[in-house]
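Biologist: I would like to go through this model and ask what stands behind each label. Please set the values against the cut-offs as you answer.

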Amino acid sequence: MSEMIELKLNEQPSKKRQYLLLGGIILAMLLWSLTAITFSAPDDGGAKIAGNIIKGILSPDMQLLWNFTSQGVFYLLFETICIAFLGTIFGAILSIPFAFLMAPSVVPKPVYLITRFLVVVIRTIPSLVYGLMFVRVSGPGPFAGVLTMSLTSIGMVSKLYVDVIEDIDRGILEAMDAMGCTTFEKIRFGIIPQLIANFSSITIYRFDMNLRDATILGLVGAGGIGSPLIFAMNSYRWHQVGSILIGLVVLILIVEAISNKLRAKLVNG
Amino acid sequence: MIKFENVSKIYPNGHVGLKNVDLQIEQGEFVAIIGLSGAGKSTLLRCVNKMHDISSGKLTVNGVNVTQLKGKEIRRFRSKIGMIFQSFNLITRTTVLGNVLVSLVPELSWWRRLLGVYPATAKIAGLKALDNVGILDKAYTRVDQLSGGQQQRVALARTLVGDPDIILADEPVAALDPVTAKIVMDDFQRINREMNISILLNIHHVDLAVAYADRIVGIRQGEIVFDGPTSAVTQEIIDEIYQGHGSSSIKGSLEPVAAEVVVDA
Amino acid sequence: MRKRTLTLPNGKVVTEQRSKVPLICAILLVFIIVAMRVTHFSFRTLATNGHQFFVILGAMFPPHLDFLNRVWQPLFDTIKMSFLGSLLGALVAVPLAVLSATNIVKSKLLSGFFKLVLSIMRTLPTIVMALIATFIFGLGTMAGTLAIFIFTVSYVGKLTYEQIESLDMGTFEALESLGLTRLQAFRYGIVPQILPTYLSTSLFSFEGNLRYAAILGYVGAGGLGIILNEQLGWRDYGNVGMILTVLIVTVGLIELISQTARQKLQ
Ligand SMILES: Nc1ncnc2c1ncn2[C@@H]1O[C@H](COP(=O)(O)OP(=O)(O)OP(=O)(O)O)[C@@H](O)[C@H]1O
Ligand SMILES: [Mg+2]
C-alpha cells in the first residue's frame, strides 16, 4: 500500500531537473563563499568576552529600565515609536503615487519600468547613507530619523501596494458606469474602499519593520534607542545593553502581536 | 417603453453584434432574452443604457433618443436604468448598505461625495431596498462574507434604491445553484409585478426563462429570430433559436397556445 | 458608543452601526501631532533646509571610476557573507520550524518554546548581533555572516512553520496509518508540499540579506559597509557614489535572477 502512495507522489509533475540545477549552483556558490570566512576559533579572549556579554545582558540595569526621565528606557522607546510611526505614515503617503506609477494596469510600460528602477535604487541605498544626508537637513536627532524612515519605507511599501492595485476588481467600475457615476465617484466609491483595507494592513506591517530597523538610525545620530544602545555596547556596559534590549524585545513582541490582530481584522473583516 | 427601430451594432473590429433589430417593450414587461453564447444578448442589453453605442437605426427609451445623449445626460439617463451582472460587481471590503448606497452617490452634495457620508434619508431608502429583497439583517455585514445568492440580492437592492423604470440583468443567475437561482428569479418577478419595473433579462436556462418571463426574445447571430409571449414557446422554437434549423429532430413537448407567434428565420 | 436607530416606513427598526473611521482618524491625528512634537518634526525646516539633502547626493555624481578597483573585494565579501549566512540559516531553520509547528509536535510546551526562541531571535536587531559578534570573533566577515545567519534562521523559520501549520495533514496521517514512521511520513507527505515555498522564502531572504550585509560593515562586520563608512568619514562622496552604484547594480542583478528562479518554483 505505501508503495502505491509513494508512486502517486512520484507521479506529481517532477521538478527534478530544476532542483538539481539549483543544487549545483548552490554548491558552487557555497564553496566560493567559504573562501571569505576565516574560521579562526575564538581564542580565550573571545570566549571570556562572550561570557561577560551574556552575564551582563541577563542581569539588566534595573535603574535604567525603570527610569522615566528622558534618559530612561521608556522614553527612548517612546521616541523610537514616534520616529517609526511618523516615518511609516509619511512613507506610506509617499508610496501611493509611486505605486500607481509602478502599476502596469495604470500607466504605460516605459513609465512603470522607469519608476520601478527608481524605486529599486531608493530601496538599495543603505539607510545609513540617507541618515547622513538628512542629518545635514535637520541636524542630528529624531527628526533626521523620521525623514530617513519615510524614504526607506517607500521601497517595500510601494511594491506591495502595486499588487493590491493590480488586484482591484474592475467589475464594480462597469457597474458604476451603468449607474451613471463620474470618474471621481468611481475612484472615491469604487476603488478607494477596495484599496484602503489592504493599504492599511501593509502600512501596519511596515511600522513593525521600521520599529525593528530603527536601531540602525542610532549609528548616524538620527535619534531613537539605537544611539544609547550602540554607545553602551561600545563602552562594554553590558548591564545597560541588557536593559535596553529587554525593553526593545518586549516592545516589538507586543507591537507585533497587536499588529497581527489588527491586520487579520482589516483583511478578513 | 423601449423601442429598437432597425438597430444595428457593428463593433470596431467589424464584428456584427446586432443586425436590423426591431423590438418594442412596454413599461412593466418581463422579457427574457435567450440565445447561444455570442449571439448578441449582452450587446442588446448594453445598447439600452448606452454602455454600447449603436451603429445605425434608432433606439428610444421612455421617449428619449438614446443615440443623441452625451456626457452628463448619459449619466443622468443611466441612473434611471438598473443593471445587474453575472459576477455581481459589488465593492469588496464594503458593507452591504455601503454597496447599496453607492447608487445614490450621483445625487449627493459635493462634500458628502468627498467624505462618503450619507444622509439619514438615503440610509432609510437603502435599508428599505434591502428589506424588499429580504436581507435587511445583513445590512452591516461585509459583502465578501455573503453567499452568491445574497450578493446578487445586494446588487438587486442597489438598483432598486435608485428607483429605476427598467432593470437590465445580464445572466443574473448563471453563477448560482438551481435553488438559489429560483429565489433570485422570484425576487425579479415580485419586483416586476409590485413595482411595475420593466425587466430585460439574459438567461441561459430556458426552463427558468419560460417559468418566469411574460415574453421571450430569441437571438441568433445578432438577429431576432423569435419574439412572442412565453405561452407561444414550443420545443421547436427553442431548437430553432439554439440550432438554427426549424425542423428539429426532437419533437417538443410544448404546444403553441397563442396565435401571434413571430418566427422569422 | 451611542447607538442610533433608523425607522423604516414599514415600521421596522434598524440599529445603525456607526463607522469607526472618524474615531480612528482622530486617534491617528492626535498621535501624529504628539509624534511630531517628540521628534521635533518641522515642515518649515524641511522647506528651508531640504536642499541640503541634495548636496551630498549631487557630490556623488559622477562616481569616481578609479575607485572601482577597491570595491570588488568588499563587494565579493558582502555577497559571500550574505550567501553563506542565508544558506546555513535556511538549513538550520528547517528543524526549528518543524519543532515549532503545532500540527507535528504534539507538545504545546515544546512548540511554544521554539516559537518564542524564533520570535526573540527575530526581534534582536541584526546590527546589535553583528556588533556583539565583532566583540567575540573580531572584526571581519565572520561576524557579519553570523548576524545574517541568525536573522535568516528566525525569518525563514517563522514563515516555514506558519506554512507547515497551514498544511492539510491528511497525507501525513494517511502515511502514518500505513506504518511509516513520523519522519518518513514527513519526508513523503509534508516535504513535497512545502519545498517550493521554502526555497522561494529562502531566496527572498537572501535578496534582503544582501542589502542588509552592506550596512553591517559599518560596525566592522566586513563587506562593503567598511569602505562605505570609511569614504563617508572622509567625505569622499564620489567614491561613495561608486560604491552605491556597484551595490545597486549587484542587488538589481541578483534580484532579477532570484525573482526568475522564484517564479519558476511557484
Ligand atoms: N467589444 C467587442 N468588440 C468586438 N466584438 C465584440 C465585443 N463585445 C462582444 N463582441 C462580439 O459580439 C458577439 C456578441 O457578443 P455578446 O457579448 O452580446 O454575446 P452574448 O449573447 O451575451 O453571449 P454570452 O451568452 O456568452 O454572454 C460575440 O461574437 C462577441 O465576440
Ligand atoms: Mg453575455
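Biologist: How many salt bridges does the structure hold over all chains?

Modeller: This is a predicted model, and it holds 21 salt bridges over all chains.

Biologist: What makes Arg153(B) and Asp187(B) a salt bridge?

Modeller: Their side chains meet at 3.3 Å, N to O. The cut-off is 4 Å between a side-chain nitrogen of Lys or Arg and a carboxyl oxygen of Asp or Glu, so the label applies. Arg153(B) sits in helix α6 (residues 148-160) of chain B and Asp187(B) in helix α7 (residues 178-195) of chain B, so the pair ties together parts that are 34 residues apart in sequence.

Biologist: Why do Arg153(B) and Asp187(B) count as buried?

Modeller: Buried means under 20% relative accessible area. Arg153(B) has 15%, so Arg153(B) is buried. Asp187(B) has 7%, so Asp187(B) is buried too.

Biologist: How do you know that Glu165(C) forms a salt bridge with Lys115(C)?

Modeller: The closest N and O atoms of Glu165(C) and Lys115(C) are 2.9 Å apart, and the limit is 4 Å. Glu165(C) belongs to helix α7 (residues 141-165) of chain C and Lys115(C) to helix α5 (residues 108-123) of chain C, so this pair ties together parts 50 residues apart in sequence.

Biologist: Is Glu165(C) buried, exposed or partly exposed, and what value decides that?

Modeller: Glu165(C) has a relative accessible area of 27%. Buried needs under 20% and exposed needs over 50%, so Glu165(C) is called partly exposed.

Biologist: What makes Arg211(C) and Glu255(C) a salt bridge, and where do they lie?

Modeller: The side chains of Arg211(C) and Glu255(C) meet at 2.7 Å, N to O, against a limit of 4 Å. The pair links distant parts of the chain, with Arg211(C) in helix α9 (residues 182-216) of chain C and Glu255(C) in helix α11 (residues 237-265) of chain C, 44 residues apart. Both residues are buried. A network of salt bridges links Arg211(C) and Glu255(C) with Arg123(A).

Biologist: Why is Lys80(C) listed without a salt bridge?

Modeller: The nearest side chain of opposite charge to Lys80(C) is Asp77(C), at 4.9 Å. A salt bridge has to be within 4 Å, so Lys80(C) has none, although it is buried. Lys80(C) is placed in helix α4 (residues 68-100) of chain C.

Biologist: What makes the pairing of Lys80(C) and Thr35(A) a polar contact?

Modeller: The side chains of Lys80(C) and Thr35(A) are joined at 3.1 Å, and the limit for N or O atoms is 3.5 Å. Not counting residues up to four places away in sequence, Lys80(C) touches Trp32(A), Ser33(A), Thr35(A) and Ala36(A).

Biologist: Why is Ile127(C) called buried?

Modeller: Its relative accessibility is 1%, and buried means under 20%, so Ile127(C) qualifies. Ile127(C) is found in helix α6 (residues 126-137) of chain C. Beyond four places in sequence, the residues it touches include Thr215(A), Ile216(A) and Leu219(A), as well as Tyr212(C) and Ile215(C). Ile127(C) and Ile215(C) are 88 residues apart in sequence, yet 8.2 Å apart in space, C-alpha to C-alpha.

How values were computed
Residues are numbered from 1 along each chain as its sequence is written. Chains are lettered from A and ligands numbered from 1 in the order in which they are written. This is a predicted model: local features need pLDDT of at least 70, side-chain atom pairs count only at pLDDT 80 or more; totals for chains, interfaces and linings use all residues. Side-chain values use heavy atoms; hydrogens and water are left out. Helices (H or I, at least four residues) and strands (E, at least two) are DSSP runs, numbered from the N terminus. Buried means under 20% relative accessible area, exposed over 50%, partly exposed in between (1.4 Å probe, protein chains only). Lys and Arg count as positive and Asp and Glu as negative; His and the chain ends are not counted. A polar contact is a pair of N or O atoms within 3.5 Å; within protein, one must be able to donate a hydrogen and the other to accept it, and residues adjacent in sequence count only if both atoms are side-chain atoms. Contact means heavy atoms within 4.5 Å.
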